[in-house]
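Here's a quick briefing to read with the model open beside you.

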Amino acid sequence: MKFLPKLNLNFSFSFKKILGRFFLFIAGLLLGAFLFMPWEVAWSQVFKIADAKISKATIQWGDFISAGPLSFEVSNVHVTTQNGIVITIPQLGFDVGISPLVEVRVKTGPTLTARLFQAKSLTLGGGVDLGKLVRMDGLGGKVRITSDVGFPAWGKPPHTGSLVLRADQVEIPGGLIAEDVNVNAVLAGNQFQLNSFSCGQPIPVSAKGAATLNWGNLASSTYQISGSTTLGSTERQFSKSGNLSKYLSF
């Protein structure tokens with residue numbers, strides 16, 4: 001009988017070791033690609049897709065100040081509607097995270113921040129410079145905004161909300177300057193309630209109103225508003241109703 005030496009074969013161990021190093025190598029490549037990818041190029045493609053998908057407006061953008069896998073800052077974003085209204089954002093910031101899920105920053109001098117949360121709520125806080133945001137002769141002023149909106153489900157219209165606007169001065173096309181502007185409103189379902197609107201000089205106004213919103217066609221939504229104005233020493237009452245098509249033509 002021949003003696004056969006016993007071989008110590010560790011093929012399973014060696015195979016696992018090689019496989020582990022292979023996956024480590026692949027993970028390193030993916031991590032390197034993830035960290036050093038030119039993300040401004042990727043975000044530019046996102047803007048191009050959005051521009052192609054939105055038929056009623058065109059989107060232009062400038063240089064990326066910073067760009068990463070989950071965030072970017074870009075300058076000179078212009079959105080032009082089919083009626084020629086131009087909305088300009090000197091600097092736009094965007095972040096994806098956990099809480100909030102999404103944060104968007106619109107910088108027009110003051111910064112307006114929008115945050116979207118997992119609880120299906122959207123908050124707005126900060127301010128905008130109307131003269132820089134909307135290209136319209138005679139429109140200007142810095143407006144402070146606070147808002148909180150709740151949604152019943154993603155992709156559905158909001159069902160609750162509140163809005164507070166304040167401005168020391170707002171320039172109105174036509175050469176007027178409204179001082180001490182205050183707006184307070186709430187939303188419940190499709191009922192929008194204007195609790196108060198007021199402004200000071202040159203024509204003091206105080207008003208309240210309501211609107212029944214048609215989420216499928218906002219232009220057909222109906223509204224009514226009433227209040228008083230003061231001309232010199234005379235106070236006059238006013239009342240008006242109709243639909244929003246006149247004000248949503250853009």
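**Hairpin and strand pairing**

In the hairpin of β9 and β10, three residues sit between the strands, and one of them, Gly174, has a positive phi near 115°. Bear in mind that this is a predicted model, where local features need pLDDT of at least 70, side-chain atom pairs count only at pLDDT 80 or more, and totals for chains, interfaces and linings use all residues. Residues are numbered from 1 along each chain as its sequence is written, and side-chain values use heavy atoms, with hydrogens and water left out.

- β9 (residues 160–172) runs antiparallel to β8 (residues 142–150), with seven bridges between them; strands here are DSSP runs of E, at least two residues, and helices are runs of H or I, at least four, numbered from the N terminus.
- β9 also pairs with β10 (residues 176–188), again antiparallel, over 12 bridges; two strands pair if DSSP finds at least two bridges between them.

**Nonpolar cores**

- The largest nonpolar core has 25 residues, and Phe47, Phe72, Val74, Leu92, Val128 and Val143 have the most contacts inside it. A core is a set of buried Ala, Val, Leu, Ile, Met, Phe, Trp, Tyr and Cys residues joined through side-chain atoms within 4.5 Å.
- Elements giving two or more residues to this core include α2 (39–53), β3 (71–81), β4 (86–96), β8, β9 and β10.
- A second, separate core of five residues includes Leu187, Ala211, Leu213 and Leu244.
- Leaving aside neighbours within four places in sequence, Leu92 is in contact (heavy atoms within 4.5 Å) with residues including Phe47, Phe72, Val74 and Val104.

**Helix α2**

- Trp39, Trp43, Ser44 and Phe47 of α2 are buried; buried means under 20% relative accessible area, exposed over 50%, and partly exposed in between (1.4 Å probe, protein chains only).
- These four cover an arc of only 140° around the axis, which puts them on the same side of α2; the arc is that of the directions from the helix axis to the C-beta atoms.
- Ile49, Ala52 and Lys53 are exposed on the other side of α2.

- Ser99 and Pro100 are joined by a cis peptide bond, with omega about 5°, and Pro100 lies in the loop between β4 and β5 (102–107).
- Asn76 isn't a glycine, yet has a positive phi of about 50°; Asn76 belongs to strand β3 and, at 41% relative accessibility, counts as partly exposed.
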